[in-house]
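Trainee: Hi, could you walk me through this structure?
Mentor: Happy to, let's open it up.

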Amino acid sequence: MASPRSLRRCLFAALSAALVATAAVGPARAASASAGASAAAVTFSDTFDGAAGSPVDSSKWTLETGDNVNNHEREYYTSGTNNAALDGQGHLVITARKENPANYQCWYGTCQYTSARLNTSGKFSAQYGHVEARMKIPRGQGMWPAFWMLGTDIGSVGWPNSGEIDVMENVGFEPSTVHGTIHGPGYSGSNGIGAGYSLPNGQAFADAFHTFAVDWAPNSIKWSVDGTVYETRTPADVGGNTWAFNKPFFLILNLAVGGYWPGDPDGSTAFPAQLVVDSVSVTTSDSAAGVAIKGLAGKCVDVAGANPANGTPVQLYDCNGTAAQQWTVASDGTVRALGKCLDVTGGGTADGTAVQLYDCNGTAAQQWAVSSAHDIVNPQANKCLDVTGNNSANGTRLQIWTCTGAANQKWTVG
């Protein structure tokens with residue numbers, strides 16, 4: 001694949017705002033506290049139910065605005081419902097129009113087209129799992145629909161160090177082919193690493209809905225179309241460069257018009273053009289998500305309500321095997337569940353500072369040391385993970401506290 005995708009100016013502003021958010025509203029989660037350990041936990045799901053003409057769920061998606069000089073795309077991305085709205089039949093419709101109702105200005109002068117681009121930055125991110133979207137793409141020269149992901153650390157490390165996973169891209173001059181690609185340091189833009197998948201017998205992707213997915217695990221990404229795997233990438237494929245995909249990413253949907261790769265629309269291109277999205281979901285197997293951390297009264301460290309939103313309380317709860325209790329003690333000193341990190345609220349160091357779930361960001365508030373004495377210590381505060389008030393009731397909030405050696409600070413990992 002020869003995609004020269006890079007980030008546009010206005011994305012950085014949107015990300016900067018999202019990355020400092022302290023309590024975003026997260027999407028509904030399908031796994032209940034009583035779900036079996038073998039069930040698939042839905043960490044994100046949007047089936048776009050709602051009245052025709054209504055906007056997307058703002059607790060899940062942010063609409064970006066602006067143009068994209070980096071890729072030389074021709075559209076201006078707008079907010080509101082003119083270019084992204086529900087159709088009343090369970091679909092999100094992203095519409096590219098040949099118009100400029102508000103005299104938008106683009107890198108090349110007065111914009112000729114409008115469209116939409118949505119992301120989940122600051123509202124949902126995941127680290128590993130099955131990521132899929134069921135969509136019907138548009139046809140036409142110059143059309144560039146995409147479903148893709150960026151690392152949540154883009155605000156601090158920039159692109160391509162953040163990593164980019166393109167689950168599906170199509171350029172209009174290839175109506176039968178889609179592409180799956182990774183971009184990272186040393187393998188970005190036209191040097192991205194990927195492959196194409198083509199429908200048989202000259203069928204066009206625009207003729208029907210198809211499901212585009214990746215199965216993403218530590219050091220492995222597999223791409224599929226309608227369940228058929230067509231590409232697998234591992235660290236062995238990046239030529240000795242950094243594998244940038246063992247960390248949280250957020251989701252992006254967009255319909256670009258023109259650009260270096262697809263070329264510009266021509267007289268054969270019909271407008272309006274529509275990317276119709278039936279569903280987007282991220283699931284992960286509980287059995288692969290990590291291990292339980294058990295403490296006071298044999299109960300488990302638990303993400304309240306199994307909610308992956310930033311700021312969700314971390315509590316003590318009966319062990320039940322759900323993904324909300326599956327933790328990974330990572331080599332970078334973080335303790336992770338649901339694609340996010342165990343975090344000391346506000347980076348506090350005082351006794352009684354609560355802990356929460358939050359996007360992994362590399363700060364000292366997310367560093368933990370698990371000792372042979374069964375303590376879990378935050379080195380910045382030099383304090384222990386503690387069950388508030390030595391209370392073994394379900395729902396008791398966890399906090400940091402001066403290490404005392406008491407039972408409410410003792411934990412067994414695994």
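**A sheet, a patch and some rings**

Mentor: Four strands form an open antiparallel sheet, in the order β27-β28-β29-β30. Strands here are DSSP runs of E with at least two residues, numbered from the N terminus, and two strands pair if DSSP finds at least two bridges between them. This is a predicted model, where local features need pLDDT of at least 70 and side-chain atom pairs count only at pLDDT 80 or more, while totals for chains, interfaces and linings use all residues. Residues are numbered from 1 along each chain as its sequence is written, and side-chain values use heavy atoms, leaving out hydrogens and water.

Trainee: How many bridges join β27 to β28?
Mentor: Two, and β28 covers residues 376–378. Val370 stands opposite Ile376 in β28.

Trainee: What holds strands of a sheet together in general?
Mentor: They pair through backbone hydrogen bonds, parallel or antiparallel.

Trainee: New topic: which residues make the nonpolar surface patch?
Mentor: Val291, Val329, Val370 and Val413 make it, with an area of about 260 Å². Areas come from the Shrake-Rupley method with a 1.4 Å probe, and for residues only the protein chains shown count as cover. Patch residues have over 30% relative accessible area and no salt bridge; nonpolar side chains (Val, Leu, Ile, Met, Phe, Trp, Tyr) are joined within 5 Å, like charges within 9 Å. A salt bridge is a side-chain nitrogen of Lys or Arg within 4 Å of a carboxyl oxygen of Asp or Glu.

Trainee: Is Val413 buried, exposed or partly exposed?
Mentor: Val413 counts as partly exposed, at 34% relative accessibility. Buried means under 20%, exposed over 50%, and partly exposed in between (1.4 Å probe, protein chains only).

Trainee: How many aromatic pairs are there?
Mentor: A search of the whole structure finds 14. Tyr128 and Trp216 are edge-to-face because their ring centres are 5.6 Å apart and their planes at 75°. Rings of Phe, Tyr and Trp (its six-membered ring) pair if their centres lie within 6.5 Å; planes under 30 degrees apart are stacked, over 60 edge-to-face, and the rest tilted.

Trainee: Where do Tyr128 and Trp216 sit?
Mentor: Tyr128 is in the loop between β9 (117–119) and β10 (129–136), and Trp216 is in strand β15 (residues 210–217), 88 residues apart. Trp216 is buried, at 3% relative accessibility.

Trainee: Which residues do ring pairs link into a cluster?
Mentor: Tyr128, Tyr187, Trp216, Trp243, Phe245 and Phe249.
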